[in-house]
Amino acid sequence: MSPFTERVIQIIRDIPAGYVMTYGQVAASAGNRRGARQVARILHSMSAKYDLPWHRIINTQGGISFPPDAEAKGTRQQDLLETEGIRFTPDGKVDLAVYRWFPPDTEEF
């Protein structure tokens, strides 16, 4: 496993309940500002194996990203986030000013 992948896994594990990070923010915190797609691949392939809280990763607009044929997964993600106390705006977004988490020792995104 690459050092970047290890850092991504640890960062995602460390996100507290009730908070979110964006794909790009995770990538930048792990050392690769352009690695958002790699973060998505890591989530897809390693969430179950490493018991990652995949639902805490959202897109940069504060929305849930999922392919059109995976609407049930998006609904599940929203349900999991709401269970943790995250409220969605009327347009279905998470207010990043309220719920975005910054790992210790990182710059604000």
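## Thr5 and helix α1

The side chains of Thr5 and Ser2 are joined by a polar contact of 3.0 Å. Thr5 is part of helix α1, which covers residues 3–14. With a relative accessible area of 12%, Thr5 falls under the 20% limit and is therefore buried. Apart from residues up to four places away in sequence, Thr5 touches Ile42 and Met46.

## Confidence

The protein has a mean pLDDT of 89, and 88% of its residues reach 70 or more. Strand β1 (residues 21–22) has the highest confidence, at a mean of 97, while α4 has the lowest, at 81. Where pLDDT is low, predicted coordinates should not be read in detail.

## Overall fold

The protein contains five helices and two strands. Read from the N terminus, the order of elements is α-β-α-α-β-α-α. Of the 109 residues, 40% are buried.

Contacts between residues at least 6 apart in sequence include a share of 64% that join residues at least 24 apart. The accessible surface amounts to about 6600 Å², and carbon and sulfur atoms account for 48% of that surface.

## Nonpolar cores

The largest nonpolar core has 18 residues, and the members that touch the most others are Val8, Val26, Val39 and Ile57. Two or more residues of this core come from each of α1, α2 (23–29) and α3. Helix α1 gives the largest share, five residues.

For Val8, the contacts beyond four places in sequence are with Val26, Ala30, Val39 and Ile42.

## The salt bridge

How many salt bridges does a search of the whole structure find? The search finds one. It is formed by the side chains of Glu84 and Arg56, with an N to O distance of 2.7 Å. The two residues are 28 apart and belong to distant parts of the chain: Glu84 sits in the loop between α4 and α5, and Arg56 in the loop between α3 and β2. Side chains of opposite charge can pair when their charged atoms come close.

The two partners fall into separate accessibility classes. Arg56 has a relative accessibility of 12% and so counts as buried.

## Two loop residues

Asp51 is located in the loop between α3 (36–50) and β2 (57–58). Its phi is near 50°, a positive value in a residue other than glycine. Most residues other than glycine have a negative phi. Is Asp51 buried or exposed? Its relative accessible area is 66%, so Asp51 is exposed.

Thr89 belongs to the loop between α4 (71–83) and α5 (96–99). At 30% relative accessibility, this residue is classed as partly exposed. Thr89 and Gly63 are 26 residues apart along the chain, and their C-alpha atoms are 10.0 Å apart.

Key: Residues are numbered from 1 along each chain as its sequence is written. This is a predicted model: local features need pLDDT of at least 70, side-chain atom pairs count only at pLDDT 80 or more; totals for chains, interfaces and linings use all residues. Side-chain values use heavy atoms; hydrogens and water are left out. Helices (H or I, at least four residues) and strands (E, at least two) are DSSP runs, numbered from the N terminus. Buried means under 20% relative accessible area, exposed over 50%, partly exposed in between (1.4 Å probe, protein chains only). Contact means heavy atoms within 4.5 Å. Accessible areas come from the Shrake-Rupley method with a 1.4 Å probe; for residues, only the protein chains shown count as cover. pLDDT is the predictor's confidence in each residue, from 0 to 100. A polar contact is a pair of N or O atoms within 3.5 Å; within protein, one must be able to donate a hydrogen and the other to accept it, and residues adjacent in sequence count only if both atoms are side-chain atoms. A nonpolar core is a set of buried Ala, Val, Leu, Ile, Met, Phe, Trp, Tyr and Cys residues joined through side-chain atoms within 4.5 Å. A salt bridge is a side-chain nitrogen of Lys or Arg within 4 Å of a carboxyl oxygen of Asp or Glu.
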